Amino acid sequence: MIFRFPFNKVTPHSRIIVYGAGKVGQDYSLQLKFVELYDVIAFCDKHWEEKNSFEYKVIDPKKILTMDYDYIVIALQKEETANSVMKTLLEWGIDREKIIWDNDEVYIDSDSQFKADYIVMQVLQILGISDISYMEVGANHPAAANNTYLFYKKGFRGIAIDANIKFENLWKEYRPEDLFLNVGVGECSGEMEFYICDGDALSTFDKNIADKIEAGQNHKIIQTRKVPVVPLDEIVKKYAAGVYPTYLSVDVEGFEYKVLKNSSMIGNVVCVVEINKSDMEKMNALLKEKGYFPYCRTIADIIYVREEYKKILFTKICNDNDD
């Protein structure tokens, strides 16, 4: 389940304060992080001192009284708790029309670890795109915590790429109509050392990451092997007639920037990239240069959408109560 920010009730370009930094607040923060619709002044919470790791700075609710804003959006699940907060805000003299609470809890049909597939599906539905293809770089298991399995179950087909040979037979079993390629993806053609971890999702071409895994307590590198590496444009040219799929997912444990750096991405609409916070600015700059804007963020991924779809996407989100 996910709590959806009430875009349809909050006027675009307004200044907002979000009250609540728990589960609902966390969901709101991930949706608001890259959406250039609002000026998010602050998040506040009764337990603000305990929220040091929150996406936004969390302040004492009493500081609202000294701030200039258009709306206070209450990010609380239970109606009783939300009403209690609303009562307090009214007692502080805050105009009722500035207070918004909407317990919009949405069932998520998702196979991704952090619901990226659901978000991509919603974006493509809003844009009216029904002819969907996909490519998953760093595909890993074909069903478990997979970013494209939802699309396969709905009848769409695509290409899966993973450097770990152990997944080839699993893809043939679970998703026989997809094309599985046992190669790595990089800036240029050649061979690279692939570090296979006992935790499959952590296997990587990045030696620095492999060294950190080896130095840690939870996982170990169990094998290294030379793997052929091919630029993404060459794969698209050979297997997709030179046109990128509608939906591109990239999760290659620290190698994402190198995968996308020299890729044309012609024809792609939505791109999901797993990214560390330290690499976010660099990735945002690269994809902005290629014509994308960051639409929203999950715990581990950023969902990028082509800039040309930005206006229609946000207009629909703000105006349609059913989306």
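Two strands pair if DSSP finds at least two bridges between them. Strands (E, at least two residues) and helices (H or I, at least four) are DSSP runs, numbered from the N terminus. The model is predicted: local features need pLDDT of at least 70, side-chain atom pairs count only at pLDDT 80 or more, and totals for chains, interfaces and linings use all residues. Residues are numbered from 1 along each chain as its sequence is written, and side-chain values use heavy atoms, with hydrogens and water left out.

**View 1. An open sheet of three strands in the order S11-S13-S12**. The pairing is mixed. Strands S11 (184-185) and S12 (190-197) stand at the edges with a single partner strand each, so one side of each has no neighbour in the sheet.

**View 2. S12 against S13**. S12 and strand S13 (residues 221-230) run antiparallel and are joined by eight bridges. Met192 stands opposite Val227 in S13.

**View 3. Asn164 in the loop between strand S9 (157-161) and helix H5 (168-174)**. Asn164 has a relative accessible area of 3% and is buried (under 20% relative accessible area, with a 1.4 Å probe and protein chains only). Leaving out residues up to four places away in sequence, Asn164 touches Phe180, Asn182, Phe194, Ile196, Asp200 and Ser203 (contact means heavy atoms within 4.5 Å).

**View 4. Lining of the largest cavity**. A cavity is a set of points on a 1 Å grid over the protein atoms alone where a 1.4 Å probe fits but cannot get out; lining residues have an atom within 4 Å of a point. Helix H7 (232-239) and helix H8 (256-261) each supply at least two lining residues. Among the residues of the lining are Gly186, Pro231 and Lys258.

Key
On a 1 Å grid over the protein atoms alone, a cavity is a set of points where a 1.4 Å probe fits but cannot get out, and a pocket is an open set with protein on both sides within 12 Å along at least five of seven lines; lining residues have an atom within 4 Å of a point. Buried means under 20% relative accessible area, exposed over 50%, partly exposed in between (1.4 Å probe, protein chains only).
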